[in-house]
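Reader: Can we go through this model together? I'd like to start with the pockets, then move to helix packing.

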Amino acid sequence: MDASNNMLALLESLMPEPAEDVARKIADDFRQRRVEKGLTRTDIAKKSRVSIANITRFEQKALISLNNLIELAIALGYNLEIKNIFATPKYSTMEELLQIRKNQGKTKAYKRRESKK
């Protein structure tokens, strides 16, 4: 029984989280960092140029535009983290790593056409 629980835990960890869960975590973490710095919603709105209504919607419903998220991240000092979110290639298989290495430096992606026989 213990081995099957471990296997289920491993399989669960490999499955991607739903986008809504990721958004909720980002919103919760943002609120926590804002509160830790002693900033009210009004304070962060002035600092970021994001409206209080958008900040409230983000914290309560985890909904925000990309531009507003970037503005909030910068206002809290997360410039490098937000700027470099996709800076490092990620892979989970050797095949993906080989594909990344093969395509480094390219500016466009193309699908291979399957040859008709």
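Author: Pocket first, as a term. On a 1 Å grid over the protein atoms alone, a pocket is an open set of points with protein on both sides within 12 Å along at least five of seven lines, and lining residues have an atom within 4 Å of a point. This is a predicted model: local features need pLDDT of at least 70, side-chain atom pairs count only at pLDDT 80 or more, and totals for chains, interfaces and linings use all residues. Residues are numbered from 1 along each chain as its sequence is written, and side-chain values use heavy atoms, with hydrogens and water left out.

Reader: Which residues lie nearest the centre of the largest pocket?

Author: I26, L69, A73, I82 and I85. The lining has 22 residues in total.

Reader: What volume is in there?

Author: About 650 Å³. A volume is the space filled by probe spheres (1.4 Å probe) set on the grid points, which are joined across faces, edges and corners.

Reader: Which helix gives the largest share of that lining?

Author: α2, with seven residues. α2, α5 and α6 (79-83) each supply at least two. Helices here are DSSP runs (H or I, at least four residues), numbered from the N terminus.

Reader: How does the lining divide by class?

Author: 17 nonpolar, one polar and four charged. Ala, Val, Leu, Ile, Met, Phe, Trp, Tyr, Cys and Pro count as nonpolar, Asp, Glu, Lys and Arg as charged, and the others, Gly among them, as polar.

Reader: And the second largest pocket, what lines that?

Author: Q99, K102, N103, K106, K108, A109, Y110 and R112. Four are charged, two polar and two nonpolar. The volume is about 220 Å³.

Reader: Switching to packing. At what angle do α2 and α4 cross?

Author: Roughly 120 degrees, and the axes of α2 (residues 19-36) and α4 (residues 52-61) come within 7 Å. Axes are lines fitted to C-alpha atoms over the stretch in contact, and angles run from 0 to 180 degrees between N-to-C directions. That makes α2 oblique to α4. Under 35 degrees is roughly parallel, over 145 roughly antiparallel, 65 to 115 roughly perpendicular, and the rest oblique.

Reader: Which residues meet there?

Author: R24, I26, A27, F30, R31 and R34 in α2 meet I55, F58, E59, Q60 and K61 in α4. Five are nonpolar, one polar and five charged.

Reader: What about α3 and α5, what angle there?

Author: About 105 degrees, axes 9 Å apart, for α3 (residues 41-48) and α5 (residues 66-75). They are therefore roughly perpendicular. I44, K47 and S48 of α3 make the contact (heavy atoms within 4.5 Å) with E71, L72 and A75 of α5.
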